[in-house]
Amino acid sequence: MLTVTNVSKTYSGKVAYRALEDVSFDVAKGEYVGIMGPSGSGKTTLLNIISTIDAPTSGQVLLDGKSPHQLKEQELSTFRSSNLGFVFQDFQLLDTLTVAENIVLPLTLAGETSISGMQEKVKSIAEKLHLNDLLDKRTYELSGGQFQRTAIGRALIHKPKLVLADEPTGNLDSKATGDVMELLHKMNKEEGTTLLMVTHDAVVASYCDRILFIKDGKLFNEIYKGDNRESFYQNIVQVLSLLGGDNRDLSSVRLP
Ligand SMILES: Nc1ncnc2c1ncn2[C@@H]1O[C@H](COP(=O)(O)OP(=O)(O)OP(=O)(O)O)[C@@H](O)[C@H]1O
């Protein structure tokens with residue numbers, strides 16, 4: 001469903017910087033793919049290009065055969081709101097709105113008008129995210145994990161084809177991280193949502209089906225989970241140690 005072909009990105013400036021070089025890969029429908037690599041290797045740049053926040057200097061991104069970067073402003077915004085869901089570490093929720101109102105926002109923006117239809121969708125997603133008792137709370141009354149689950153609800157309510165997550169558990173403690181990971185995993189398995197997630201955390205990455213490793217803007221390696229999460233985790237740690245760089249990644253934690 002997602003095809004990235006020979007994508008390169010050079011940031012112009014006083015000194016031009018090539019952040020991505022000839023990156024190519026495919027993601028199949030329903031796949032859960034992680035992107036890892038040392039700090040500054042180009043992970044966020046890649047995600048920004050796929051999410052159409054940024055454009056590649058050369059190369060192509062196709063989502064279900066369509067190239068979003070060729071679209072005009074108005075078409076692009078419709079394309080984004082109907083195909084993509086975003087979960088970022090510092091995701092902004094509107095604190096004047098309740099949890100339910102925040103979750104429903106993408107539907108309102110997409111022009112959906114049936115109140116009962118929207119209520120039904122919020123109820124259904126809140127059940128999956130264990131947010132039923134929190135729907136009338138304001139977002140400043142939530143814990144970090146509850147806040148992030150609300151953000152995930154908002155990213156998923158319109159059933160996007162592709163969910164892009166950049167360090168979705170970056171600010172959370174280990175309990176909340178575990179909850180969020182279980183939920184993303186469940187969404188992927190039960191709803192068939194395709195997920196692409198940048199993470200530094202090998203435990204978080206071990207929930208994915210496959211990990212793409214990036215080094216110095218190039219694809220370095222990819223590994224598949226197979227049927228054993230524990231050995232997948234060990235393999236991830238091993239590749240990260242080969243990659244060098246930021247040793248934040250090499251936690252000696254045991255899998256929960
Ligand atoms: N707008 C920009 N202008 C110029 N250089 C940029 C810009 N954004 C990123 N870069 C550079 O491109 C490289 C890749 O950055 P990117 O944010 O994609 O890395 P990353 O792998 O996501 O890093 P981290 O794990 O630290 O978030 C870095 O060297 C960064 O300094």
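# Legends to close-up views of a predicted model

**Overview of the fold.** The secondary structure of the protein amounts to 8 helices and 9 strands, where helices (H or I, at least four residues) and strands (E, at least two) are DSSP runs numbered from the N terminus. This is a predicted model, in which local features need pLDDT of at least 70 and side-chain atom pairs count only at pLDDT 80 or more, whereas totals for chains, interfaces and linings use all residues. Residues are numbered from 1 along each chain as its sequence is written. The radius of gyration of the protein is 18 Å, which agrees with the value near 18 Å for a compact globule of 256 residues (taken over C-alpha atoms, the rule being 2.2 Å times the number of residues to the power 0.38). Along the principal axes, the C-alpha atoms fill a box of roughly 50 × 45 × 35 Å. Of the 256 residues, 38% are buried (20 or more other C-beta atoms within 10 Å of the residue's own; exposed means 12 or fewer, partly exposed in between, with C-beta atoms placed from the backbone).

**Close-up of the packing of helices H5 and H6.** The axes of H5 (residues 144–156) and H6 (residues 174–191) come within 9 Å and cross at roughly 20° (axes are lines fitted to C-alpha atoms, for helices over the stretch in contact, and angles run from 0 to 180 degrees between N-to-C directions). The two helices H5 and H6 are therefore roughly parallel to each other (angles under 35 degrees; over 145 is roughly antiparallel, 65 to 115 roughly perpendicular and the rest oblique). The contact joins Gly-144, Gly-145, Gln-148, Arg-149, Ile-152 and Leu-156 of H5 to Ala-176, Asp-179, Val-180, Leu-183 and Met-187 of H6, contact meaning C-beta atoms, placed from the backbone, within 7 Å. These residues divide into 6 nonpolar, 3 polar and 2 charged (Ala, Val, Leu, Ile, Met, Phe, Trp, Tyr, Cys and Pro count as nonpolar, Asp, Glu, Lys and Arg as charged, and the others, Gly among them, as polar).

Leu-129 lies in the loop between H4 and H5 and, with 24 C-beta neighbours inside 10 Å, counts as buried. Not counting residues up to four places away in sequence, Leu-129 touches Arg-149, Ile-152, Gly-153 and Leu-183. The C-alpha atoms of Leu-129 and Leu-183 are separated by 6.7 Å, although the two residues are 54 apart along the chain.

**Close-up of the packing of helices H3 and H4.** Helix H3 (residues 99–109) packs against helix H4 (residues 115–128) at an angle of about 120°, with the axes 10 Å apart. This angle makes H3 oblique to H4. Ala-100, Ile-103, Val-104 and Leu-107 in H3 meet Met-118, Lys-121, Val-122 and Ile-125 in H4. The residues of this contact divide into 7 nonpolar, no polar and 1 charged.

Glu-31, in the loop between strands S2 (17–27) and S3 (32–36), has 19 C-beta neighbours inside 10 Å and counts as partly exposed. Leaving aside neighbours within four places in sequence, Glu-31 is in contact with Thr-194, Asp-209 and Arg-210. Thr-52, in the loop between helix H1 (43–50) and strand S4 (58–63), has a positive phi of about 70° although it is not a glycine.

Conventions
Two residues are in contact if their C-beta atoms, placed from the backbone, lie within 7 Å.
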